[in-house]
Amino acid sequence: MNVAILNDTDEGGAHFGCQRVMETIRYEMAKRGVKDIPSIKVGVNWQKDNWAKSVIGSAKLLIVNGEGTIHHGRRKAGWLISAIDFVKRNGGSVALINCLWQDNPENWAKIVSRCDLVYCRDSISASELKNIVSKVKWIGDLSMFHPTQSVNMDRSGITVSCSVSNKVTRKLGLFAYMVGAEFVPITKSLSIGTPGVFRKSKLLKSFFDKRASRSFFEKNPSAHLLASHYDYIDHLQRKSLLVTGRFHAACFSILTKTPFIATNSNSWKIEALVSDVGLDPNRVQPLGKLSESFQGESQWQYSEQELLNIESALSSWRSDGNVLFNEISGLF
């Protein structure tokens, strides 16, 4: 059917949130008769990759997984925007879905306005785009689209996750040690940074990053890695609190009704998620402030209203998500 996916963020299951998003997209498309869709991975400049250029050039429908890529006019985001323009000029259809949109050039929004479908993953992104793209809709991140099988057991203990910032990840590791919590990243491996002078060499970067990661785990005996989003969700369902710097870890906390606290990320994505669900805005705060005032997991349990709001949001997003995938299937 000449359908392709751009910005496939699942790199061998390395990030459990991205893994779940891409599994959801492929599963829902397969239900509608489209299987084995070719995809261009996140971070690939399609214009300089012959295979990617061929795939996009022949696409009658391009599904662009916006996810957390399109913000602050980033170079990688520009590659996605240029692909949208290319496919539309060739007479193809484009569905931009699951999209964060923040502080981007106005001419990008004008290109996006030509898409056949535009779905943001938060209301703030949708509001920013609505200035130019009148047909934009939004639902919560697709990592929360499919429900999980609940585990009926008592929750106990605190788990701490990582951050997109290596510096914050190291601080979260220290926080976990301070409060006697487990440190379990939402990723299959852990990167905590490489000295700047070595970053230009992939070999040296890999060596120093692995050494730094090994040292981190040796200093944090309660730290360990998991293999998949299924394992991570199972882990969360057994805990009474998550402390994280990752957007998708917060999504999984909502999905499993695990109370959480989050530090700021590299965009408004976590604050938008908390607002859209109807959670206490104090669940997002600077790590330094949290460290000073932390009294244990009991102070962060969900209120009855928050639990009702979670149920309502998930139900609404799943209903709207079915509409989204039906609308995509109507484009081919």
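Start by selecting Cys-99 in this predicted model: at 0% relative accessibility, Cys-99 counts as buried, because the cut-off for that label is under 20%. Cys-99 takes part in no disulfide, and the nearest cysteine sulfur, 4.9 Å away, belongs to Cys-120. A disulfide would need the two sulfurs within 2.5 Å. Is Cys-18 buried or exposed? With 10% relative accessibility, Cys-18 counts as buried.

Next stop, the cores. Pick Tyr-232, Ile-254 and Ile-328, which have the most contacts inside the largest nonpolar core, a set of 69 residues. Then zoom in on Ile-254. Skipping neighbours within four places in sequence, Ile-254 touches Met-144, Phe-260, Leu-273, Val-277, Leu-279, Tyr-302, Ile-310 and Leu-314. Cys-99 comes back in a second, separate core of 34 residues, which also includes Leu-6, Trp-79 and Ala-126.

Last, the largest pocket. To centre your view there, select Glu-11, His-15, Val-42, Val-164 and Arg-246, the lining residues that lie nearest its centre. The pocket's volume is about 1100 Å³, and 31 residues line it. Which elements give two or more residues to that lining? Colour β7 (158-163), α6 (166-179) and α9 (247-256) to see them.

Conventions: Residues numbered from 1 in each chain as written. Predicted model: local features only at pLDDT ≥ 70, side-chain atom pairs only at ≥ 80, totals over all residues. Heavy atoms only, no water. Buried < 20%, exposed > 50% of the residue type's maximum accessible area, 1.4 Å probe, protein only. 1 Å grid on protein atoms, 1.4 Å probe; cavity = no way out; pocket = protein on both sides within 12 Å on 5 of 7 lines; lining within 4 Å. Points joined across faces, edges and corners; volume = space filled by probe spheres on them. Helix = DSSP H or I, 4+ residues; strand = E, 2+ residues; numbered from the N terminus. Core = buried A, V, L, I, M, F, W, Y, C linked by side-chain atoms within 4.5 Å. Contact = heavy atoms within 4.5 Å.
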